[in-house]
Amino acid sequence: GIHPAKELEKAPEWREILRAQLGPGDRKKVVIDHTPFESLLTSIGLGLVKLMAKVLFRLEVRGMENIPERGPYIIAPNHVSYLDGFCVGASLPIRTIRDLYTLGVQNYFRGIPGKIFARLANVIPIDAEAYLSKALQMSSYVLGKGKALMVFPEGGRSFDGSLVEFKKGVGILSRELNVPVIPTYIAGAFEALPRGAFLPRFRKIRITYGAPLFPSDLDFTKKPEGVDDYQFFANQLRESVRKLGQAVRHSTT
């Protein structure tokens with residue numbers, strides 16, 4: 001395992017990274033206040049997304065009472081499909097979505113249409129080659145403004161629909177900023193549009209929001225040797241998401 005003294009040296013490092021000031025270029029990528037016209041366009045777009053989700057995917061939402069009234073908080077869903085973000089967007093009230101941000105790979109948001117979409121949809125474009133520290137700094141900036149953040153802790157879409165290991169970034173943000181994380185399970189999106197598929201099949205999608213997980217809910221003395229606090233938090237979060245998935249499967253069989 002990791003030597004305990006070494007681990008203690010590493011902990012403040014993340015704290016300092018998260019509290020570092022963003023440069024003007026990075027701050028420009030994060031639109032905190034939209035113009036009334038932008039807000040109107042966002043509302044129209046979200047209305048269409050909600051309608052499509054209801055009609056095409058018969059979207060069903062559970063656990064809305066677990067979404068806090070206001071930020072900062074993190075929504076952490078499993079990731080199996082390009083439809084996942086769309087499902088979260090379609091499931092939440094418009095006022096909640098207006099304050100929800102997500103990180104996106106910059107390459108997808110090039111050119112004028114891509115930049116406009118990123119601006120309206122609160123996507124923070126991140127260079128795919130950027131270090132974890134940059135993504136975490138941008139995330140910390142948004143949470144520090146009292147906004148909410150959507151993070152896919154698996155890092156990428158699952159190949160077979162099963163839950164893969166959660167990366168520790170979500171643990172760093174939650175533990176260092178003392179922000180709750182909402183475990184979220186999306187069922188049916190893999191059947192509707194798995195990785196590698198080009199066109200969606202219109203399958204029923206269910207999204208469940210679990211009870212917020214706070215760092216103070218965990219007993220960090222119980223973590224296994226060689227696992228740091230952040231990974232321990234990520235592992236516990238994964239367990240919460242897995243249980244939500246199990247409950248959904250039981251209720252539909």
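Mentor: In this predicted model, Arg119 is a reasonable place to begin, because with a relative accessible area of 36% Arg119 counts as partly exposed. Arg119 forms a salt bridge with Glu38, and the closest N and O atoms of the two are 2.3 Å apart. This pair links distant parts of the chain, since Glu38 belongs to helix 3 (residues 36-57) and Arg119 to helix 6 (residues 111-120), 81 residues apart. Glu38, for its part, is buried, at a relative accessible area of 12%.

A salt bridge also joins Lys147 and Asp99, with 2.9 Å between the closest N and O atoms. Lys147 sits in the loop between helix 7 (132-144) and strand 5 (148-150), and Asp99 in the loop between helix 5 and strand 3 (100-105), so the pair ties together parts that are 48 residues apart in sequence. Here Lys147 is buried, at 11% relative accessible area, whereas Asp99 is partly exposed, at 32%.

Asp228 and Lys168 form a further salt bridge, their closest N and O atoms being 2.6 Å apart. Because Asp228 lies in the loop between strand 7 (206-209) and helix 10 (229-252), and Lys168 in the loop between strand 5 and helix 8 (169-177), this pair ties together parts 60 residues apart in sequence. Asp228 counts as buried, at 8% relative accessibility, while Lys168 is partly exposed, at 25% relative accessible area. Elsewhere, salt bridges with shared partners join Glu60, Arg62, Lys204 and Arg206 into one network. The structure holds 13 salt bridges.

Note on methods: Residues are numbered from 1 along each chain as its sequence is written. This is a predicted model: local features need pLDDT of at least 70, side-chain atom pairs count only at pLDDT 80 or more; totals for chains, interfaces and linings use all residues. Side-chain values use heavy atoms; hydrogens and water are left out. A salt bridge is a side-chain nitrogen of Lys or Arg within 4 Å of a carboxyl oxygen of Asp or Glu. Helices (H or I, at least four residues) and strands (E, at least two) are DSSP runs, numbered from the N terminus. Buried means under 20% relative accessible area, exposed over 50%, partly exposed in between (1.4 Å probe, protein chains only).
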